[in-house]
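Reader: I'm new to this one. Can you walk me through the structure?

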Amino acid sequence: MVWKKTVTGGALRGSIAGICGVGFLLFGYDQGVLGAVIGLPSFRDEFDNPDAILEGIIASFYDLGCFFGALLAFVTADRWGRKGSVAWGSWIMVVGTILQTTATEKIQMTISRVLTGIGNGVNTVNIPIWQAESFKSQNRGAMLVIQSALIALGHPLSTFMGLASQQADPSSFAWRWPIAFQGFFLIIILIVLPFLPESPRWLVQHDRVEEATVVFAALESKHATVNDPKIIRERDLVMASVQRERELGEATWSEVFTEGPNRNISRVLLGAGPYMFNQWSGINSLAYFLPITFERNIGLSTQLSLIISGVLGVQYFLVSWLPYFFIERAGRRTVMILSSAGCSFCMVMIVIMLEVDTLASQWVFVAMCFLFFDIFSWGILPVSWMYASEIMPLRTRNKGVALGVSSHWLSNFAIVFFTPDAIENLGPRLYIIWAVFNASFVPITYFFYPETARRSLEDMDDIFLNERFGVTKCRKPGPRKLDTDSDSELEKEKMPSAMQQEAAY
């Protein structure tokens, strides 16, 4: 179905934000749903009581699918469009969800997890781009915070769904229903999607300027027309930006891995760092397996573990909004350093409480898990998804951020794969590893990461041109200023890169 101009202005922007929000919520739900059902007796009976290695395989192969889905999206997004890509990704997830829900063999469950991951990888690349290209630049920071919060909300939703369906044990409905519920989000996306417009920027890129102008007017207000000076200026800015991209051309991979005057390889390494910090903080070692973490580490019942995991997820959702109020003022470096130090402290306390092993220490362990998620959401989480696109030069941004996101998904796969076995065989020593990693992020960030807050892309280019690889001197946010320069507007049109805002964890 082709979009028709029936909804305009705030209602249209709200509809796009709403359907993107459903996609983000689904992403969070998918990350938590297996952890909510993997400990249920009906699930374990269905798959011959899987050991820790098999648990890791079933869980982590979803992330492997997301990795391949992200690569697929990077290759095909310009051809299919934003809406078309989301539709394809959603249909792939529908097939994966059906296969997961009907699985009776371990191989079917594993393959269907990969398939679902591929669809989700496609969606989590394209939904943020579609949203970013449909909203004005001053709204995008708020959209990033909302995205992170909705992903965080999906996790407790899956946990409470698992808790509710647990009452059906030992029937397989207890684990099949939470997995099948993914389809609810997909149905909403696929029904609403045809009634929404394609990204106006994508339309301009494909020389469909008239359609793009109509979309710009519809997004502006009910009374805006294609001849309004404001609409014409917005269209012309995007056209100039697209023309500039065409003149620059796409950088080759060899250029990305060459230092040169723009310090490309330095920027790639620095940009990939926060993505790696995100994963090697240990967040998904807890998030994917939170109920069985409580069961196997401190002996809580399955039901109580699900309840506590759900409450933790709700708190995580609520506190994940807070960075909106301070991340520009405090700067990326400060919140990353404080967040890393706080996460390291929480992991050290978790180790101590597990070694003490008293009733009181077990509940302090639970409290430290709550605090870890909160502190993570205040710094490492938001910075990891914005930093790479803020330091990459325009010509190499897509490929540079793609490498960063790839490192994210591969790290996610590795961590989720070995976590169940590590919980059984390493015990508290697993959390020592995360404590050391988090502590190492503090000096790395302090010495090597330039501050990007309140700095334009041109400012960052100057910083990298004047600093050699090594200790940075740019440690404070830029001066407060109103950015009305048209060149800055052109840069902002390009800011949300093809893979900037993908999974939140």
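Author: Here is a quick tour, from the overall fold to single residues. This is a predicted model: local features need pLDDT of at least 70, side-chain atom pairs count only at pLDDT 80 or more, and totals for chains, interfaces and linings use all residues. Residues are numbered from 1 along each chain as its sequence is written, and side-chain values use heavy atoms, with hydrogens and water left out.

Reader: How many helices and strands are in the chain?
Author: The chain has 23 helices and zero strands. These are DSSP runs, numbered from the N terminus: helices are H or I with at least four residues, strands are E with at least two.

Reader: What is the radius of gyration of the chain?
Author: It is 23 Å, which agrees with the value near 23 Å for a compact globule of 505 residues. The radius is taken over C-alpha atoms, and the globule rule is 2.2 Å times the number of residues to the power 0.38. Along the principal axes, the C-alpha atoms fill a box of roughly 65 × 55 × 40 Å.

Reader: What share of the residues count as buried?
Author: 60% of the 505 residues. Buried means under 20% relative accessible area, exposed over 50%, and partly exposed in between (1.4 Å probe, protein chains only).

Reader: And the surface?
Author: The accessible surface of the chain is about 19,400 Å², and 66% of that belongs to carbon and sulfur atoms. Accessible areas come from the Shrake-Rupley method with a 1.4 Å probe; for residues, only the protein chains shown count as cover.

Reader: Which residues form the nonpolar patch on the surface?
Author: Phe160, Leu304, Ile307, Val311, Val314, Leu318, Leu359 and Trp363. Together they have about 690 Å² of accessible area. Patches are made of residues with over 30% relative accessible area and no salt bridge; like charges are joined within 9 Å, nonpolar side chains (Val, Leu, Ile, Met, Phe, Trp, Tyr) within 5 Å.

Reader: Which helix gives the most to the patch?
Author: α15, with five residues. Both α15 (302–319) and α18 (359–378) supply at least two. Val311 sits in α15 and is partly exposed, at 43% relative accessible area.

Reader: New topic. How many salt bridges are there?
Author: Twelve. A salt bridge is a side-chain nitrogen of Lys or Arg within 4 Å of a carboxyl oxygen of Asp or Glu. Side chains of opposite charge can pair when their charged atoms come close.

Reader: What does Arg332 form a salt bridge with?
Author: Glu328, with the closest N and O atoms 3.1 Å apart. As for networks, salt bridges that share partners join Arg44, Glu55, Arg296 and Glu424 into one.

Reader: Is Gln100 buried or exposed?
Author: Buried, with a relative accessible area of 2%. Gln100 lies in α3 (residues 52–101). Beyond its neighbours within four places in sequence, Gln100 is in contact with Met109, Ser112, Arg113, Thr116, Trp175, Ile179 and Gln182. Contact means heavy atoms within 4.5 Å.

Reader: Where is Pro323?
Author: In the loop between α15 and α16 (327–330). Pro323 is buried, at 3% relative accessibility. Not counting residues up to four places away in sequence, Pro323 touches Ser377, Trp378 and Pro382.

Reader: Last one. What is the phi of Arg454?
Author: Near 60°, a positive value in a residue other than glycine. Arg454 sits in the loop between α21 (429–448) and α22 (457–466).
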